[in-house]
Amino acid sequence: VDGVLLDHRATKMLERRGEAAGLLLESAVERGVGLVGVGTAAGGLPASEKLTRLLGRKPIERLEDSQRGSGVTLDIPDQSHPATQCVTSLRLSAAVLQEGNETTTVLGRTITVAPETPDRKHGGLSAFWTRTAGKGRIVVIALQEAPSSDAGMHRPTETALAFLAARSLQW
């Protein structure tokens, strides 16, 4: 196995396995397996210090709704990274779940506009980051797609997050 993708489908597995999941993932990454956490999986096992440390996320703090936003622009200032080549920014119908900590390299920060205060922008949340652990690489995309009222509608946010996850797995 070269890489592991943790997405919304992995959230229940993380909950069932608990701290053992963090140990397994940490062991795999340190041996050189890549790990990409996307969406709700990026916030999985919020009480797990091991998974929090491995993913490089800040300890779980409740982000205020005005910080989370319902629509964000993910600003990607460095297009030289393999996961972000030719991507300058993405407008997403998503909410921020987590922030990276000081051990991470930030690939993207958000600029959010809360619906109740459209004239006031909130920014600077690191919602897309990378780090290394042992011989492995970790990428976290801590954004969750906002629910859609039309299940048949084309979902550009889902496509954009899948694109970033695929690029991250390739790296």
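Biologist: What should I know before reading the values?
Modeller: This is a predicted model, in which local features need pLDDT of at least 70 and side-chain atom pairs count only at pLDDT 80 or more, while totals for chains, interfaces and linings use all residues. Residues are numbered from 1 along each chain as its sequence is written, and side-chain values use heavy atoms, with hydrogens and water left out.

Biologist: What volume does the largest pocket have?
Modeller: Its volume is about 330 Å³. A pocket here is an open set of points on a 1 Å grid over the protein atoms alone, where a 1.4 Å probe fits, with protein on both sides within 12 Å along at least five of seven lines. The volume is the space filled by probe spheres set on the points, which are joined across faces, edges and corners.

Biologist: And which residues lie nearest its centre?
Modeller: D7, H8, V38, E158 and L161 do, out of 14 lining residues; a lining residue has an atom within 4 Å of a point.

Biologist: Which element gives the most to that lining?
Modeller: Helix α5 does, with four residues. Helices (H or I, at least four residues) and strands (E, at least two) are DSSP runs, numbered from the N terminus.

Biologist: Changing topic, which residues touch the most other members in the largest nonpolar core?
Modeller: Those are L74, L92, F128, I141 and L143, in a core of 22 residues. The largest share of this core, four residues, again comes from α5. Such a core joins buried Ala, Val, Leu, Ile, Met, Phe, Trp, Tyr and Cys residues through side-chain atoms within 4.5 Å. Buried means under 20% relative accessible area, exposed over 50%, and partly exposed in between, with a 1.4 Å probe and protein chains only.

Biologist: How many residues of β2 are buried?
Modeller: Five of its five residues are. G34, V36 and V38 lie on one side, with L35 and G37 on the other.

Biologist: Which residue stands opposite G37 in β8?
Modeller: That is V140. β2 and β8 pair in the parallel sense over four bridges, and β1 (residues 3-6) pairs with β2 in the parallel sense, also over four bridges. Pairing requires that DSSP finds at least two bridges between two strands.

Biologist: Why does K50 count as buried?
Modeller: K50 counts as buried because its relative accessibility is 17%. K50 lies in helix α3 (residues 49-55).

Biologist: Which side chain does K50 contact?
Modeller: A polar contact of 3.2 Å joins the side chains of K50 and E26. The term denotes a pair of N or O atoms within 3.5 Å; within protein, one must be able to donate a hydrogen and the other to accept it, and residues adjacent in sequence count only if both atoms are side-chain atoms.
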